[in-house]
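Visitor: I am new to this structure. Could you please take me through it step by step?

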Amino acid sequence: MSLDAPAKSSAPNKLVIRNIGLLLSGDLDHPILDADTVVAIDGVIHAVGKEKDIDTTGANTTIDAKGTALAPGLIDSHVHPVCGDWTPRQNQLGWIDSCLHGGVTTMVSAGEVHTPGRPKDIVGLKAMAIFAQRAFHAFRPGGVKVYAGAPVLEQGMVEDDFKELAAAGVKFLGEVGLGSVKDGVTGRRMVAWARKYGIQSTIHTGGPSIPGSSLIDKDMVLETDADVIGHVNGGHTALPDDQIVALCERSPRALEIVHNGNERAGLLALRTAKELKQLHRVILGTDSPAGSGVQPLGILRMISMLSSLGEIPAELAICLATGNTAKMRSLNCGLIAAGREASFVFLDTAQQSAGKNLLDSIQKGDLAGVGMVVTDGAISIQRSRNTPPATRVPEVVRA
Ligand SMILES: [Zn+2]
């Protein structure tokens, strides 16, 4: 069996995006680029710069951005998919496609834990993880990439299990603490095995999410030392403030803030990371589907909430949901730079916003309007059905 994408035709597929009004790179160190044109070939960014300096001839598709902003497609660092574009949590169809209309082009599974009858024996949990990885590799709703197949740690797993999962293509663990491993010693041992074979880990942080899950406090988070401190602001119930500050100060790992968490605690984590000059560790997720439902605009809402109430410039808040997450999750998306995946979201000021431009509107707490989304160099959607309407939207001038 091959996992490769279907064979492409031999002629290169060239996408030109011109007349970009604001180029938001996703890179925290250089969030705004002095560029108005992006060229992608076969789904990969080939050139970024001024139109006069770039070869824009021979395009299969040309998009006139009409002066709108171009940002990397947003990444949701924390989702709980199950199968296809369906979630049993709220028995909802099409939730991933709805998030695409919120600018999300990449999702990372924190465990397929809502699967009805989820197997908890080791053979069963490995089989389910490999199935989910395969299924979402082959199925991309609207073009959204879902990195799924994230097994939850259960007692009795041995090093060979992680070796086998890695060899089968599993790249992420589900949230540590959602299975039967609930002590730091066992968690640390298993997370180290996972890391040895290239599998990244995330730990649940805070009180229980739903009946059946349990408290993970700062001592267990620090002892386990997973790569990502999952929902440092709780999912939903947050740790006490002093424990959140301790995690920011004493761990070098990624600090994930989620929509389905405690918003005040999220702002505390953001401010603490900012004071520590470690904003690069902050990444964003929704933790949906959840008891609070699915938030198709969850990442856009986080960007506006953290920018307006956390007082960070909008162009930096967008980096938290793009370049930061890509770096912490080792993904080749999230930046507008040559060699990166050509997945983009076109943003503009929502109609009638009091903000004087896109960035000002976000800093005032309004949501951006999505005018188009491109995944892997192909147009996935034009004007979003879910965001407030963008004032200006891009146009396809030749396709
Ligand atoms: Zn959780």
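Guide: Two residues are in contact if their C-beta atoms, placed from the backbone, lie within 7 Å. Helices (H or I, at least four residues) and strands (E, at least two) are DSSP runs, numbered from the N terminus. This is a predicted model: local features need pLDDT of at least 70, side-chain atom pairs count only at pLDDT 80 or more, and totals for chains, interfaces and linings use all residues. Residues are numbered from 1 along each chain as its sequence is written.

Visitor: Which residues of H2 and H3 meet?

Guide: Ile122, Lys126 and Ala129 of H2 meet Asp161, Glu164 and Leu165 of H3. The residues of this contact divide into three nonpolar, no polar and three charged. Here Ala, Val, Leu, Ile, Met, Phe, Trp, Tyr, Cys and Pro count as nonpolar, Asp, Glu, Lys and Arg as charged, and the others, Gly among them, as polar.

Visitor: At what angle do H2 and H3 pack?

Guide: Helix H2 (residues 122–138) and helix H3 (residues 159–167) pack at about 20°, and their axes are 10 Å apart. H2 is therefore roughly parallel to H3. Axes are lines fitted to C-alpha atoms, for helices over the stretch in contact, and angles run from 0 to 180 degrees between N-to-C directions. Angles under 35 degrees count as roughly parallel, over 145 as roughly antiparallel, 65 to 115 as roughly perpendicular and the rest as oblique.

Visitor: On to H6. Which of its residues are buried?

Guide: In helix H6 (residues 241–250), the buried residues are Ile244, Leu247 and Cys248. Seen down the axis of H6, its buried residues fall within an arc of 100°, so they line one face of the helix. The arc is that of the directions from the helix axis to the C-beta atoms. A residue is buried if 20 or more other C-beta atoms lie within 10 Å of its own, exposed if 12 or fewer, and partly exposed in between; C-beta atoms are placed from the backbone.

Visitor: And what is on the face turned away from the buried side of H6?

Guide: That face carries the exposed residues Asp242, Glu249 and Arg250.

Visitor: What covers the buried residues of H6?

Guide: The cover includes helix H5 (218–224), strand E14 (228–229), strand E15 (254–258) and helix H7 (263–275). H6 and H7 pack at an angle of about 35°, with 10 Å between their axes. Asp241, Ile244, Val245 and Cys248 of H6 make the contact with Ala265, Leu268, Ala269, Thr272 and Ala273 of H7. Those residues divide into seven nonpolar, one polar and one charged.

Visitor: A change of topic: which peptide bonds are cis?

Guide: The bond from Gly235 to His236 is cis, with omega near 10°, and His236 sits in the loop between E14 and H6. The bond from Ser288 to Pro289 is also cis, with omega near -10°. Pro289 is placed in the loop between strand E16 (282–285) and helix H8 (298–309).

Visitor: Where is His231, and is it buried or exposed?

Guide: His231 is found in the loop between E14 and H6. With 34 C-beta neighbours inside 10 Å, His231 counts as buried. Its phi is positive, about 25°, although His231 is not a glycine. Most residues other than glycine have a negative phi.

Visitor: Last one: what is Ala47 in contact with?

Guide: Leaving aside neighbours within four places in sequence, Ala47 is in contact with Val39, Ile54 and Ala338. Ala47 lies in strand E5 (residues 44–49) and is partly exposed, with 16 other C-beta atoms within 10 Å.
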